[in-house]
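Please find below a colleague's note, written for someone who is opening this structure without having seen it before. The points are numbered so that each can be checked in turn.

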Amino acid sequence: MESSRTRCAGRRLASIALVGFALLPAFAAAQTKEPIKIGAVLALTGPGAGLGQAERNGILLAEKLINDKGGVKGRPIKVLIEDDGSKPDIAKGKAENLIFNEKVVAIIGPSLTASTGAVAAVTNAEGVPELALTGLGPQIELTYKSVYHLLPPQVLNAKAMLEYTTKSLKAKKVGVLHDSGYGQLVLNALQSQSSGYGIEFVAVEKFEVGATDVSTQAAKVRAANPEAVFVIATNPVPFRNARQMRIAQPIVSAIGSSSYQYVNGMGEFAHDIVFPEFVVGEDPLQHQTDFVNLYKAAYNALPKNYEAAGWDAVHILARALEKAGPDAGGEAIAKAIREPYKGVTATYNFAAPDMTGVELSSYVYSKLVNGKFTRLPFTTK
């Protein structure tokens, strides 16, 4: 005799099938039309791969969902993803190919600040909208009319770090271990904001991007006896070396180090590190739950900030294309992007002076506990 459990399972499968059949007409219609091509230039290899690979996952998931729902105005979107190897010159060349040969309507990326600057010079000259997966970089970007950022400027990242350090840790003497790329940018912002928080940097040690051993620099930071340590890099090495050199003080990092690829590289030392960020997959905010569940179902993994930024970028472009029209020119698409947008990562206002509009209150704080992120109760206003 058929059990009630079997009957329930059958009903669930039937419901899923009905939802699938309901989507088929829109999906089939979209597939018969010319796709709208969007370009993406990401760091899939090289030092920035921990960011770019995560961004790619979010982009592809968004592309699939939008197309399953019928695309944009009945046309599918097609994201053409290129690897820049974490190098600005390659990023520029890949963007030029996407714009001039593939005729994409917009560019998503790059993943790294230097590459974003190189690509932005091209997109700005050609009037092609660009949704950069970085914060505001070179000041010249402020003159661009079609470049927008999915992550906040480094000044805001610096403020988020300083807020936690002074208000939660009650620390005033800080040591810094940073790389010569992303870490230098965040350090510059920290130094510009530190006086307002009463922070004294008792040791500042720099290492090259991609360095495989920074033990000497970590030892110098430890010798300065700081109350807290900032480790800022897109590389797990300095986090390992800091603990190996017996830095026992609390470590606070920036969002650029918060991907699971970097955390996995920290190994046994992925513990007691605090990140001001936006998405904690283990404990998402209410408006992030649907995205987190979709991502877990697709990849059997938890998403973080860069997966969410890739997802948001595609949806922002899809919304702009819905409004401007799939055959609209770059200026019309760029104008449509400028409207406020509540994304998974944060609430954006691309008309803001920093071309992002993210507020300090959008940050959440997490702490690594044995390689897993735990969302902290600390908030900013």
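1. A residue counts as buried when its relative accessible area is under 20%. The model discussed here is a predicted one, and within it F230 has a relative accessibility of 0%, so F230 counts as buried.

2. Seven strands make up an open sheet with mixed pairing, and their order is β7-β6-β8-β9-β10-β13-β14. Its edge strands are β7 and β14, each of which pairs on one side only. On average, and with direction ignored, neighbouring strands of this sheet are turned by 25° against each other.

3. D179 has F207, in β7, as its bridge partner. Helix α7 (residues 215-223) packs on the sheet, where it touches β6, β7 and β8, and its direction makes about 175° with that of β7. Helix α5 (residues 154-167) lies across β6, β8, β9 (251-253), β10 (273-277) and β13 (364-369), and runs at about 160° to β8.

4. How many aromatic pairs does the structure hold? There are 12 of them. In one of these pairs, the ring centres of F201 and F230 are 6.5 Å apart and the planes stand at 65°, so the pair is edge-to-face. Because F201 belongs to strand β7 (residues 200-207) and F230 to strand β8 (residues 228-232), this pair ties together parts that are 29 residues apart in sequence.

5. A further pair is formed by Y260 and F373, whose ring centres lie 5.2 Å apart with their planes at 90°, so that this pair too is edge-to-face. Y260 is in helix α9 (residues 260-266) and F373 in strand β14 (residues 372-375), so distant parts of the chain, 113 residues apart, are linked. Both Y260 and F373 are buried. The ring of F373 also has the charged end of K304 sitting over it, 3.4 Å from the ring centre.

6. Elsewhere, F291, Y295, Y299 and W311 are linked by ring pairs into a cluster.

7. Which residues does G330 touch, leaving aside those up to four places away in sequence? The contacts of G330 are with G127 and P129. G330 itself is placed in helix α12 (residues 330-337). Between G330 and V128 the C-alpha to C-alpha distance is 5.0 Å, although the two are 202 residues apart in sequence.

Note on methods. Residues numbered from 1 in each chain as written. Predicted model: local features only at pLDDT ≥ 70, side-chain atom pairs only at ≥ 80, totals over all residues. Heavy atoms only, no water. Phe/Tyr/Trp six-rings, centres within 6.5 Å; stacked < 30°, edge-to-face > 60°. Helix = DSSP H or I, 4+ residues; strand = E, 2+ residues; numbered from the N terminus. Buried < 20%, exposed > 50% of the residue type's maximum accessible area, 1.4 Å probe, protein only. Lys NZ or Arg CZ within 6 Å of the ring centre and 35° of its normal. Contact = heavy atoms within 4.5 Å. Pairing = 2+ DSSP bridges. Axes fitted to C-alpha atoms, helices over the stretch in contact; angles between N-to-C directions.
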